[in-house]
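Me: I would like to learn how to read domains and interfaces in a model. Could you walk me through an example?

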Amino acid sequence: MGLDPGKAEPAAVKILQSPAVRIGLSISVATGLYGVSFGALSVTSGLDFWQTMALSLLLFSGGSQFAFIGVVAGGGSGVAAMGAATLLGMRNGIYGMQINALLQPRGWRRFAAAQLTIDESTATSTGQTDPQEQKRGFWTAGIGVFVLWNLFTALGALAGGALGDPKQWGLDGAAVAAFLGLLWPRLKGREPVAIAVVCALATVLAVPFVPPGVPILVAAVVAAGIGWFSHARSDEGLEPDVDPYAEHHEQRHGHTDHTGHADPSGHTGDLPADRDGGTA
Amino acid sequence: MNLWTWLLLSCLLAYAWKLLGYLVPASLLRNPRMSRIAGTMTIGLLASLTVVNAVATGQSLALDARLGALAAAALALWFRAPFLVVVIVGAAAAAGLRLLGWD
């Protein structure tokens, strides 16, 4: 608090008053924290510390990361794990198109923005209407989630390695809960629920007949078929851009500037997300 | 090929998806079918991963403590618990049911 306010101080204050920055920061904390669960589950799934860190640093999409370790934990092959993770990453391509249209990053920023394109950064950005705020929101959430997600992945991996028998601690139950938590915020309306039920059934039916990991890919094919042939309501509910988390922001944005803190459940569940995990 | 290979390939493909979004012409974004497939596939994969982790053991189906974790997690989500709490509730349910002898 200097008596002689330079130009830096009002600028810094202004940055922190930006709703997009505040929301981005709170999402970063909420999402980063659950990197602990990814790190712990990953090492108990059979990956080592550096494989776990490689997923968080390089793949950096919570849903895909959980998918990869989920397939490995279930005894699936590396190629099946890759298939599940890659198919789940498709939505990031759609997010990339949206961010590209909004921010139009140039040069190296485009390549950095690509790596930071996940559920959280996209939703923070698209929830804003002012272009400057969209930019701030994207970079704050993207960088914030990246840093904290990796930090807490490392913590979780170290802790998970020290746990001993993962079943005794219910970590297989934690994985089930994590996937349901990633799915839940997307189940808005009847159609998404129907898709989830059909794909769950297809999975269960496939389990006895194909190698571990493959039932997930069977479900992906079924889901893609539904998407391909369904003509109903293409712009409602199913598209990642009207992801409930983003809607929340948009709705609440005009009314209060504490949106980020008011809605932790919406944020964290949407990785996927990655959020993929979200995360990221 | 070992796990590292598939893992690094997964990272490469994940980045390829993301970057693709920045490189393709914006008109593709208006193709509703592509967006719809990305949406349905995300839901389908997450639903599939949920049930695989809940009931599959290798190539057989098992009804064990993980089902309790699924129910507990659903309950937590219903009451709008944050993600990390949901995960902890799932772990606690599975661990608790095992303590009670239901494996």
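Reply: Happy to; we will go from the chains to their domains and then to the contacts. Keep in mind that this is a predicted model.

Me: How many helices and strands does chain A have?

Reply: Chain A has 16 helices and one strand. Of its 280 residues, 60% count as buried.

Me: Which domains does chain A have?

Reply: Chain A is assigned domain 1, covering 12-185 + 243-266, and domain 2, covering 189-236. Where these domains meet, domain 1 of chain A supplies 11 residues and domain 2 of chain A supplies eight residues. On the domain 1 side, helix H6 (residues 78-88) of chain A gives the largest share, five residues. That side holds six nonpolar, five polar and no charged residues.

Me: And how is chain B divided?

Reply: Chain B splits into domain 1 (1-30), domain 2 (31-62) and domain 3 (63-103). Taken over C-alpha atoms, the centres of domain 1 and domain 3 of chain B are 34 Å apart.

Me: How should I think about the size of an interface in general?

Reply: It is often given as the accessible area lost when the parts come together. Here we can count residues in contact, meaning that their C-beta atoms, placed from the backbone, lie within 7 Å.

Me: How many residues of chain A are in contact with chain B, then?

Reply: There are 92 residues of chain A in contact with 72 residues of chain B. Helix H11 (residues 171-183) of chain A contributes the largest share of the chain A side, 13 residues. By class, the chain A side has 56 nonpolar, 29 polar and seven charged residues.

How values were computed:
Residues are numbered from 1 along each chain as its sequence is written. Chains are lettered from A and ligands numbered from 1 in the order in which they are written. This is a predicted model: local features need pLDDT of at least 70, side-chain atom pairs count only at pLDDT 80 or more; totals for chains, interfaces and linings use all residues. Domain bounds come from an automatic or database domain assignment. Two residues are in contact if their C-beta atoms, placed from the backbone, lie within 7 Å. Helices (H or I, at least four residues) and strands (E, at least two) are DSSP runs, numbered from the N terminus. Ala, Val, Leu, Ile, Met, Phe, Trp, Tyr, Cys and Pro count as nonpolar, Asp, Glu, Lys and Arg as charged, and the others, Gly among them, as polar. A residue is buried if 20 or more other C-beta atoms lie within 10 Å of its own, exposed if 12 or fewer, and partly exposed in between; C-beta atoms are placed from the backbone.
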